[in-house]
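I am opening a notebook on this structure and will write down what I look up, one topic at a time. The entries follow the order in which I took up the topics.

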Amino acid sequence: MRRLIIAFAALFAMLGVSSALAATPPKKTETAIFAGGCFWCMEHDMQGVPGVIKVESGYTGGHLKNPSYRDVTSETSGHYEAVRVTYDPAKLDYGFLLFRYWKLVDPTDDGGQFCDRGPSYRPAVFVTPAQRPIAEKSRAEAAKRLKSGTMKAPILNVQTFWPAEEYHRDYAKRNKLNYFAYRTGCGRDAKLKQVWGG
C-alpha cells in the first residue's frame, strides 16, 4: 500500500511539473540577416552582443538551392556570404543590431569587403516587410556618420538563408590563431577605423 501511495505522489508531482512547464510560454525570438564580407568575422563580432542567442554563417540572395561554399565563391550563384542572427527582442531591438552591423562593415565598398573581393562578399541587409522601415532609417543615419566615402550597401528583401557547411560554423572559436591571422592580414579593423573613425 505504501508503494502505491508513493507512486501516486510521484505521478502527481510529475503532472504538476509538466503542467507548469506547459503553462510557461516559449521564449519569443526574432531573426536578422546581414551580409558583410567574410562570415567568420560577422559571426565572431555579432556573437558578443547582449541579447543575441545564436549567430549562424550561411548564404542568401542567390538562385541555387542549398548552395555550397564552392558555388558561392565561384561568383556564379548570386549568393552573399551572410549571417543569421537570432536574438531576444525583450533584451535587444532590431535597431540596435543594425547600429552594430554598420560599424562592422565598410558600406562604401560594393565590390567586396576588405581583402575579400567579388559579389559574394558585398555588404547588404536582408529584411522582412516589418524590418524595412527600421533598416532604411538606420541606413540613412549610418550614411551621415561615415568619415569617408558614400553609402552603397543596399537593403534587400529577405530570401532563403542556407546554413554554411559545418567547418565554417564558429570558425573564430575553433581556429583562433588562423582566424586572427586572417582578420589582421585582411586589414579589416584598420579599414573600419578609416571608414567610421576612432
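In which kind of crossing, left-handed or right-handed, does helix 4 pass helix 5? Before answering I note that I am working from a predicted model. I looked at the pair and found that the crossing of helix 4 past helix 5 is right-handed.

**Entry on helix 4 and helix 5**

For helix 4 and helix 5, the latter spanning residues 132–145, I read an angle of about 35° and axes 10 Å apart. On the helix 4 side I listed Tyr 94, Gly 95, Leu 98, Phe 99 and Trp 102, which meet Ile 134, Ala 135, Ser 138, Arg 139, Ala 142 and Arg 145 of helix 5. Sorting the residues of this contact by class, I recorded seven nonpolar, two polar and two charged.

**Entry on the buried face of helix 4**

Which residues of helix 4 are buried? Within residues 94–104, I noted Tyr 94, Leu 97, Leu 98, Tyr 101, Trp 102 and Leu 104 as the buried ones. Looking down the axis of helix 4, I saw that these buried residues fall within an arc of 155°, so they line one face of the helix.

**Entry on helix 2 and helix 4**

I then turned to helix 2, residues 39–47, which packs with helix 4 at an angle of about 135°, the axes being 11 Å apart. Angles over 145 degrees would count as roughly antiparallel and those from 65 to 115 as roughly perpendicular, and helix 2 and helix 4 are therefore oblique to each other. Their crossing is right-handed, and the residues that make the contact are Met 42, Asp 45 and Met 46 from helix 2 with Leu 97, Arg 100, Tyr 101 and Leu 104 from helix 4.

How many of the nine residues of helix 2 are buried? I found seven of the nine, so helix 2 is largely enclosed by the rest of the structure. The buried residues I wrote down for helix 2 are Phe 39, Trp 40, Cys 41, Met 42, Glu 43, Asp 45 and Met 46.

**Entry on Trp 196**

I looked up Trp 196 and placed it in helix 8, which covers residues 188–196. With a relative accessible area of 5%, Trp 196 is buried. Setting aside residues up to four places away in sequence, I listed Trp 102, Lys 103, Val 105, Pro 107, Ala 142, Arg 145, Leu 146 and Lys 147 as the residues Trp 196 touches. Of Trp 196 and Leu 146 I noted that they lie 50 residues apart in sequence but 5.4 Å apart in space, taken from C-alpha to C-alpha.

**Entry on Gly 62**

Is Gly 62 buried, partly exposed or exposed? I found it partly exposed, with a relative accessible area of 25%, and located Gly 62 in the loop between strand 2 (52–60) and helix 3 (69–73). Apart from neighbours within four places in sequence, Gly 62 is in contact with Ser 77, Gly 78, His 79 and Gln 159.

**Entry on the whole chain**

Finally I stepped back to the chain, where I counted eight helices and eight strands. Of its 198 residues, 40% count as buried.

Methods. Residues are numbered from 1 along each chain as its sequence is written. This is a predicted model: local features need pLDDT of at least 70, side-chain atom pairs count only at pLDDT 80 or more; totals for chains, interfaces and linings use all residues. Side-chain values use heavy atoms; hydrogens and water are left out. Buried means under 20% relative accessible area, exposed over 50%, partly exposed in between (1.4 Å probe, protein chains only). Helices (H or I, at least four residues) and strands (E, at least two) are DSSP runs, numbered from the N terminus. The arc is that of the directions from the helix axis to the C-beta atoms. Axes are lines fitted to C-alpha atoms, for helices over the stretch in contact, and angles run from 0 to 180 degrees between N-to-C directions. Angles under 35 degrees count as roughly parallel, over 145 as roughly antiparallel, 65 to 115 as roughly perpendicular and the rest as oblique. A crossing is left-handed if the near helix is turned anticlockwise from the far one by less than a right angle, and right-handed if clockwise. Contact means heavy atoms within 4.5 Å. Ala, Val, Leu, Ile, Met, Phe, Trp, Tyr, Cys and Pro count as nonpolar, Asp, Glu, Lys and Arg as charged, and the others, Gly among them, as polar.
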